Amino acid sequence: MVRLMYKTVIGLEVHCELKSNSKNFSTARNSYSTIPNSNVSVVDLGFPGILPVVNKEAVKNSIKMAIAMNCEIPEYLTFERKNYFYPDLPKGYQITQFKHPIGTNGYVMINVNGEEKKILIHDTHLEEDTASLDHYPAYSLIDYNRCGVPLLETVTEPCMNSADEAVAFLEGLRSIFLYCDTSYARSDRGQIRCDVNVSLMKEGDTELGTKVEMKNINSFSSVKEAIICEVKRQSEILDKGGKVLQETRRFDEAEGVTYPMRSKEDAIDYKYFTDPNLPPIKIDKEWIEDIRKSIPKLHNERFRIYTSEYSINEKDAYTIVRDKNISDYYEECLSLSGDPKLVSNWLTGSVIGYLNKYSLTIDEIKMRPKMLVELIDLINSGKISGKQGKEVFEKVMDTGKEPAVVISELGLSQIGDEETIRGIVLEVIDENKALVDDYKNGKRVFDYFIGQIMKKTKGRANPSLASKILKEELDK
Amino acid sequence: MALSIKEMREKIDSGSVSSEELFTESVNLAKKYQDKYNPFVTIIDKYEIDKSSDSNLSGIPYALKDNISTKGILTTASSNILKNYVPVYDATIYKKLKEAGAVLMGKTVLDELAMGGTGTTGHTGVVKNPWNSERLIGGSSAGSAASVALGIVPFAIGSDTGDSIRKPAAYGGVVGFKPTYGRISRYGLFAFASSLDHLGVFARNTYDVAMVMNVIKGHDERDMTSLPDDDKNYLDTIDNEVAGKKLFYIKEILDNSDNDKELAKVIDNFSMVIKKCESLGIEVCEESIDKDLLLALYPTYMSISCAEVTSNDANLTGIHFGVRGEGNTPEEIIKDARTKGFSELIKRRFVLGSYILQKENQEKLFLNACRIRRMVVDKINDLFKKYDGLIMPAASGIAPKFGEGTDKLSDKYLMLDNHLVIGNFGGFPSITIPSGFVDDMPLGINITGRVCEDDVVLNMAYKLENTMDYVNQVAKDGEIDV
């Protein structure tokens with residue numbers, strides 16, 4: 001196991017498309033569409049004479065993210081041009097931030113296998129996305145829908161040491177986007193993409209090894225695979241006494257290998273300079289405070305509260321906080337005085353089971369938090385049995401009717417009154433006198449009596465009460 | 001005699017002439033002069049007018065420089081790479097003029113992509129000076145200057161990044177005004193150097209300039225560098241008394257210790273103008289500025305403008321619009337389009353700009369240029385605490401003959417032929433008005449004022465031009481049959 005000699009060092013650059021009505025610098029709609037070139041303006045196409053206008057909403061969402069990542073926010077924002085030629089970049093430059101990014105020196109806490117770790121954020125900056133290209137053997141097609149969509153690029157310090165940490169960070173970051181409602185962050189739509197820098201250093205070394213960059217990896221599982229395979233490649237080189245070249249490589253997801261794209265010598269000089277069309281934008285302190293107030297409790301904080309204050313197990317707590325809407329649903333249940341544990345059990349069991357079965361999101365189901373709490377109360381107070389509860393649950397999910405309404409429609413409400421049950425018990429005993437002797441002779445007929453009681457009450461008799469009274473009467 | 005906007009307005013309003021007749025006459029004149037002087041890339045035959053407006057410009061024919069986006073009308077920036085480009089949107093300035101009822105009759109020739117000051121580099125050929133066709137008119141707004149000087153239109157729109165309105169105005173004997181940076185929206189102006197680019201107006205008198213300015217100025221939410229509205233009507237103050245105003249000129253720029261004959265004539269003319277100023281009660285003083293700073297004007301301008309233009313013109317790839325190149329990869333296609341589409345002069349500026357912006361050069365060549373720009377502006381603003389404006393000859397002499405220019409960077413060239421960039425560095429309002437003749441060729445005088453004091457500059461220029469005999473003058477060739 002020679003490879004244990006090396007420490008893996010990983011830095012990430014994560015691009016995430018921000019939510020906004022219009023694009024970052026134009027009035028075209030910012031909305032995912034499968035119809036190519038349907039959300040495009042002259043500004044996106046870089047026609048001669050166009051000028052960019054900064055989208056305030058995109059700036060606001062970026063500031064929100066910068067705050068959530070504990071970043072410092074500058075007094076003035078500037079935008080710079082990154083110059084290069086490519087058909088996906090109609091202006092011949094991308095407007096990005098270089099000198100005064102929207103956030104610097106931040107951090108995000110992650111949890112890997114029960115261990116907390118602080119991931120340092122070098123900076124997070126607002127830029128515009130490029131068009132997307134579809135390559136065919138004889139030609140390529142350009143879709144400008146994505147061109148100009150606000151993109152927040154978050155750059156970490158090289159501070160992660162395993163593929164698991166990298167993935168935990170990515171999941172944590174995506175969660176922040178979702179909790180802050182600043183992005184859909186769907187990797188299947190390319191809304192969150194990642195460049196991965198990997199280097200190896202010998203245990204005990206203080207200087208970082210030569211870094212290799214892998215560009216544009218779409219899914220988190222691919223990030224993991226890419227890191228694992230790049231670490232393997234680099235350690236094999238080092239094992240043989242070789243040198244890792246500073247270069248950009250492409251990860252082939254299908255084959256699970258990386259290929260060289262360009263070396264350091266071919267690195268592009270992007271000739272960054274401040275965009276003269278975009279004067280510096282002053283960020284008011286008050287505005288920052290307003291934005292700060294709009295940030296909800298994030299997943300980390302909620303996880304802490306659920307596990308330590310509500311004593312929910314980590315697995316269930318994680319299941320709940322992984323989706324902000326589920327977590328919000330949960331908290332709404334609690335605000336309606338639902339019991340944290342019982343609600344958690346129902347939510348992580350029946351409710352999420354239902355979501356998975358029908359591929360629904362929690363916002364799409366008819367069982368609102370108030371109904372779930374009511375249902376749990378009804379079971380708890382013995383009004384209906386746990387088994388009946390399941391039936392009511394399905395019915396509420398199907399119809400959206402209040403549990404109480406469903407119960408009365410189904411004639412389900414439990415008979416918990418001792419006198420009534422005793423009357424029914426006596427009736428049943430009266431009708432089955434022969435069996436009473438069998439009972440006394442030790443034959444197993446008790447359950448038959450219960451069955452008859454349930455039949456008479458259409459299953460509404462409180463089972464434990466019925467059982468208790470039946471025993472009393474039979475034993476008389 | 002060619003009519004001014006004011007005269008046309010009166011005639012249209014009194015019913016003695018229709019706007020369509022004015023348009024037809026303008027188009028006919030354009031066709032008549034096109035072969036000899038080449039002011040136009042496109043002459044528009046079709047009379048189209050928005051009649052709903054009662055503005056001063058309603059029914060007035062005019063021309064636009066061919067680097068201003070006009071939906072459905074060929075706009076080439078006088079470059080081969082855009083020789084087939086028909087925009088799909090309107091520039092704000094064009095939209096405003098259209099809404100005011102002004103009637104577009106042509107798109108004028110410029111130096112390719114507005115780079116250059118000679119009017120000789122457009123893809124459709126050189127523009128000649130209407131006062132003498134052996135001489136150039138200057139640029140880059142060459143066709144706009146020529147069309148006004150010839151009396152084809154009472155006004156034309158140009159753009160000015162270094163002196164591209166104010167220099168050809170001087171060579172063509174007309175008025176050329178570049179307002180404060182941000183006063184006119186740049187949306188739809190093909191960018192040359194965004195931090196220096198201005199739109200502006202050519203006319204044959206300052207009153208007309210003010211009339212046009214009233215229509216085309218104003219805040220535009222599509223241009224983040226555009227200023228808030230100043231809510232001024234420039235005609236209200238144009239005839240204000242100017243007694244008590246103070247102007248300065250820069251001693252170092254007018255130094256003629258070499259006894260240059262041409263320069264002596266310019267200085268004579270300038271002395272005459274100063275006397276006219278004094279007759280109006282305007283005090284004119286001499287001020288001194290560090291000569292090194294003045295000698296740095298031109299290199300500073302070149303560094304900044306070349307850097308910005310390399311980036312601004314990176315959209316010209318032939319991929320999304322313009323003439324498509326050939327090749328097997330996107331890189332080859334772009335390379336081919338740009339190799340064939342630009343002239344050598346343009347490529348030279350791109351190479352320069354690219355070099356200036358390179359990581360290892362940027363601090364020394366680009367950022368230092370930006371610092372010098374700041375120093376110049378600070379110095380001028382400092383003087384503007386004492387003075388209402390700067391007055392200088394617009395050029396070192398009359399329009400040169402074709403091929404007469406040299407590559408020699410003399411002090412005279414570096415300072416007297418390039419001081420107008422001060423107006424672009426600081427975004428100062430700046431106007432050139434005709435001030436006389438040398439060898440039957442016009443000379444111009446320039447007044448540059450404080451930022452946002454467009455009204456003051458127009459007022460001083462108006463009063464000054466009315467002390468001289470060049471108001472509404474039309475080029476000599478413009479009055480005789482050719």
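**Notes on the two-chain model**

1. Starting with a helix in chain A: α14 (residues 446-457) has 12 residues and reaches 17 Å from its first C-alpha to its last, close to the 16 Å expected at 1.5 Å a residue. That expected span is 1.5 Å times one less than the number of residues in the helix. Helices here are DSSP runs of H or I with at least four residues, strands are runs of E with at least two, and both are numbered from the N terminus. Just after α14(A), Lys458(A) takes a positive phi of about 55°.

2. A word on what we're looking at. This is a predicted model, in which local features need pLDDT of at least 70 and side-chain atom pairs count only at pLDDT 80 or more, while totals for chains, interfaces and linings use all residues. Residues are numbered from 1 along each chain as its sequence is written, and chains are lettered from A and ligands numbered from 1 in the order in which they are written.

3. Chain A overall. It has 15 helices and 15 strands. Its radius of gyration is 31 Å, whereas a compact globule of 476 residues would be near 23 Å; the radius is taken over C-alpha atoms, and the globule rule is 2.2 Å times the number of residues to the power 0.38. The C-alpha atoms of chain A fill a box of roughly 100 × 55 × 50 Å along the principal axes. The chain is divided into domain 1 (2-290), domain 2 (296-410) and domain 3 (418-475), with bounds that come from an automatic or database domain assignment. Between the C-alpha centres of domain 2 and domain 3 of chain A there are 35 Å.

4. Burial and contacts in chain A. Of its 476 residues, 39% count as buried. Buried means 20 or more other C-beta atoms within 10 Å of the residue's own, exposed means 12 or fewer, and partly exposed is in between, with C-beta atoms placed from the backbone. Among contacts in chain A with a separation of 6 or more, 69% are between residues 24 or more positions apart; a contact needs C-beta atoms, placed from the backbone, within 7 Å.

5. Now chain B, with 17 helices and 13 strands. Its radius of gyration is 21 Å, close to the 23 Å from the globule rule for 482 residues, so chain B is as compact as a globular protein of that length. Its C-alpha box is roughly 70 × 60 × 45 Å along the principal axes. Buried residues make up 58% of the 482 in chain B, and 76% of its contacts with a separation of 6 or more join residues 24 or more positions apart.

6. The interface: 34 residues of chain B are in contact with 25 residues of chain A. On the chain B side, α10 (297-312), α11 (330-341) and α13 (359-383) each supply at least two residues. The largest share, three residues, comes from α10(B). By type, the chain B side divides into 18 nonpolar, 10 polar and six charged, where Ala, Val, Leu, Ile, Met, Phe, Trp, Tyr, Cys and Pro count as nonpolar, Asp, Glu, Lys and Arg as charged, and the others, Gly among them, as polar.

7. Cores next. The largest nonpolar core has 154 residues, and those with the most contacts inside it include Tyr62(B), Met105(B) and Val212(B). Such a core is a set of buried Ala, Val, Leu, Ile, Met, Phe, Trp, Tyr and Cys residues joined through C-beta atoms within 7 Å. Helix α6 (residues 206-216) of chain B gives the most to this core, with eight residues. Leaving out residues up to four places away in sequence, Val212(B) touches Leu57(B), Phe155(B), Val201(B) and Ala203(B). Apart from this core lies another, of 50 residues, among them Met69(A) and Leu151(A).

8. A lysine I'd look at: Lys412(B) sits in helix α14 (residues 411-416) of chain B. Lys412(B) is buried, with 21 other C-beta atoms within 10 Å. Beyond its neighbours within four places in sequence, Lys412(B) is in contact with Asp260(B), Leu263(B), Ser396(B) and Asp417(B).

9. Backbone points. The peptide bond from Gly139(B) to Ser140(B) is cis, with omega near 10°, and Ser140(B) is in the loop between β5 (132-136) and α4 (142-149) of chain B. Asp181(A) has a positive phi, near 60°, and counts as partly exposed with 14 C-beta neighbours inside 10 Å. Asp439(B) has a phi near 50°, also positive; with 11 C-beta neighbours inside 10 Å, Asp439(B) counts as exposed.

Technical notes:
Contact = placed C-beta atoms within 7 Å.
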